Number of protein chains: 2
Amino acid sequence: MEIELQIKMNEKLFLKNPEQTELGKKIIRHSIQLINKSGFESFTFKKLAEEIGSTEAGVYRYFENKHRLLIYITAWYWGWLEYRVVINTSNIQDPKVKLRKAIQLLATTIEDDIRTSYVDESILHQIIIAEGTKAYLTKHVSEDNKDRLFKPYKDLCAKIGDIILECNPKYKYPKSLSSTIIEVAHFQNFFMKNLPSLTDFGNSKDESAIVSFIEDLVFSAINKD
Amino acid sequence: MEIELQIKMNEKLFLKNPEQTELGKKIIRHSIQLINKSGFESFTFKKLAEEIGSTEAGVYRYFENKHRLLIYITAWYWGWLEYRVVINTSNIQDPKVKLRKAIQLLATTIEDDIRTSYVDESILHQIIIAEGTKAYLTKHVSEDNKDRLFKPYKDLCAKIGDIILECNPKYKYPKSLSSTIIEVAHFQNFFMKNLPSLTDFGNSKDESAIVSFIEDLVFSAINKD
DNA sequence: TGTAAATGATAGTATTACTATGTCATTAAA
DNA sequence: TTTAATGACATAGTAATACTATCATTTACA
């Protein structure tokens with residue numbers, strides 16, 4: 001039996017749903033590989049089209065431009081991650097154990113999930129670390145936000161914020177702490193691998209050290225009297 | 001008497017030192033304005049040249065490309081901020097008061113310093129918030145790092161890390177906490193203004209709320225037994 | 001006053017980011 | 001069964017971007 005896991009995507013993210021055609025799936029799979037390989041700046045629809053044996057215009061039928069494609073794959077990632085947080089914490093009673101689990105899911109690279117045939121999650125995680133913030137660091141954030149393009153990110157953030165409040169209903173900054181956890185998980189990972197002197201785990205190159213740092217930070221903040 | 005404050009810049013950041021000519025200073029001043037106005041992506045040397053009544057080729061004599069110019073102005077900012085941290089904490093004995101001061105300097109927009117005639121620091125602060133991370137989020141970070149282009153950022157980070165260690169010599173993550181403070185200060189500011197639901201200070205739009213959040217986070221982490 | 005540095009003017013190339021139009025195959029109605 | 005509509009993709013453009021090269025002119029200053 002074949003199981004396909006589908007993440008429901010906002011219609012405004014694409015011109016034509018890439019999940020519904022072979023070419024569309026190829027676009028997603030190969031854009032993830034290309035962006036990871038050469039970086040978002042040098043990524044072009046022409047290179048992508050050559051890679052998948054199609055044409056530039058073919059790609060433009062699915063996505064308005066490469067920035068929209070970046071928002072699409074980051075939104076996909078956040079949706080997928082929220083799904084993982086939900087299924088991995090649903091049977092846990094203790095909110096602190098829940099939060100620990102969520103931090104671990106956020107800060108650790110995972111293997112490719114075979115149920116999503118056209119997305120390699122381990123590569124996608126690398127893209128989120130290096131390129132993820134570029135999805136919203138633009139002059140048109142507000143319009144994109146009105147189109148709800150960042151909803152998956154905000155939903156994940158809200159979810160983790162709720163777990164924080166479960167741990168300590170009096171903690172004053174659940175949402176800021178939540179977005180901080182997400183961003184720090186990625187930045188510290190990038191620094192560890194590329195600018196190690198900005199971290200305390202330069203040589204180990206070990207993601208579990210990042211998890212420890214974030215846990216220490218988070219739990220000392222919310223456990224404070 | 002006129003006082004000019006000069007930040008010493010790494011020679012690899014430019015082809016020709018922009019501080020030493022009128023055109024060079026114009027390039028810095030107007031690129032800061034243009035990047036702030038339209039964002040780094042839509043910023044081009046052609047538009048800049050038109051703005052300052054020069055030519056594209058003229059700008060290329062100073063900077064290899066627009067990304068190097070971005071690194072230049074971010075490096076300038078970090079150098080200037082470290083200078084401010086040093087002079088504003090040098091006469092403080094209590095390391096916790098020092099750290100509080102440093103956090104405040106990092107997270108608060110400052111007025112333009114008239115001693116730096118060709119740089120408007122308040123605009124520059126906005127650029128660092130929205131575009132700063134793009135200076136190092138590239139596929140060529142490591143080479144750029146070898147050229148020491150990020151030294152001012154790393155120096156500032158090390159400085160704050162030292163203050164953290166003064167507060168608590170046993171704290172395990174001084175460098176990671178330091179880089180976290182810097183990054184959190186900026187993206188919480190960005191979120192507050194652009195994606196307020198990711199923060200707990202959406203309506204207030206008040207930087208002092210960010211300072212409070214960071215102080216709470218930092219001091220509960222380093223004061224923990 | 002001479003000379004080097006700085007700037008300005010002009011032109012050109014390769015690539016990028018996109019648009020417009022045309023063709024072919026499939027399906028759906030007449 | 002023909003005809004029309006639709007979708008998938010190719011071809012061929014354009015305007016802007018990111019540079020490089022050359023040469024003339026102005027300015028600084030020794």
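A:Tyr136 touches A:Val141, A:Phe150 and B:Leu195, leaving out residues up to four places away in sequence. Two residues are in contact if their C-beta atoms, placed from the backbone, lie within 7 Å. A:Tyr136 sits in the loop between H6 and H7 of chain A. Helices here are DSSP runs (H or I, at least four residues), numbered from the N terminus, and strands are runs of E of at least two. Is A:Tyr136 buried or exposed? A:Tyr136 counts as buried, because it has 22 C-beta neighbours inside 10 Å. A residue is buried if 20 or more other C-beta atoms, placed from the backbone, lie within 10 Å of its own; it is exposed if 12 or fewer do, and partly exposed in between. From A:Tyr136 to A:Leu149 is 13 residues in sequence and 9.5 Å in space, C-alpha to C-alpha.

This is a predicted model: local features need pLDDT of at least 70, side-chain atom pairs count only at pLDDT 80 or more, and totals for chains, interfaces and linings use all residues. Residues are numbered from 1 along each chain as its sequence is written, while chains are lettered from A and ligands numbered from 1 in the order in which they are written.

Now take the two protein chains together. Two copies of a chain are related by a rotation about an axis and a shift along it. Here a rotation of 180° with 0.0 Å of shift along its axis superposes chain A on chain B, with an RMSD of 0.0 Å. That is the relation of a two-fold axis. In chain A, the C-alpha nearest the axis belongs to A:Ser220, 2.8 Å from it. The superposition is by least squares on the C-alpha atoms of residues with pLDDT of at least 70 in both copies.

Ala, Val, Leu, Ile, Met, Phe, Trp, Tyr, Cys and Pro count as nonpolar, Asp, Glu, Lys and Arg as charged, and the others, Gly among them, as polar. The copies meet through the same surface, because 100% of the interface residues of chain A are also interface residues in chain B.

Look next at helix H10 (residues 207-223) of chain A. At 1.5 Å a residue, its 17 residues should span 24 Å, and its end C-alpha atoms are 24 Å apart, which agrees. The expected span is 1.5 Å times one less than the number of residues. The buried residues of H10(A) are A:Ala209, A:Ile210, A:Phe213, A:Ile214, A:Leu217, A:Val218, A:Ala221 and A:Ile222. Their cover comes from both chains: it includes helix H5 (95-107), helix H8 (151-167) and helix H9 (174-194) of chain A, together with helix H9 (174-194) and helix H10 (207-223) of chain B.

In soluble globular proteins, nonpolar side chains tend to be buried together. The largest nonpolar core in this model has 133 residues. Such a core is a set of buried Ala, Val, Leu, Ile, Met, Phe, Trp, Tyr and Cys residues joined through C-beta atoms within 7 Å. Those with the most contacts inside the core are A:Ile73, A:Ile181, A:Ile214, B:Ile73, B:Ile181 and B:Ile214. Leaving aside neighbours within four places in sequence, B:Ile181 is in contact with B:Ile103, B:Leu106, B:Ile160, B:Ile214 and B:Val218.

Turn to the DNA. DNA strand C is surrounded by 16 residues, the closest being A:Thr44, A:Asn65, B:Thr21, B:Leu23 and B:Ser54. A residue is near a strand if its C-beta atom, placed from the backbone, lies within 6 Å of it. H3(A) gives the most to the surface near DNA strand C, with three residues. That surface has four nonpolar, seven polar and five charged residues. DNA strand D is also surrounded by 16 residues; the closest are A:Thr55, A:Ala57, B:Thr44, B:Ala57 and B:Asn65. H3 of chain A and H3 of chain B each supply at least two residues of the surface near DNA strand D.

End with a backbone detail. Most residues other than glycine have a negative phi. Phi of A:Arg148 is near 65°, a positive value in a residue other than glycine. A:Arg148 lies in the loop between H7 and H8 of chain A. A:Arg148 is partly exposed, because 14 other C-beta atoms lie within 10 Å.
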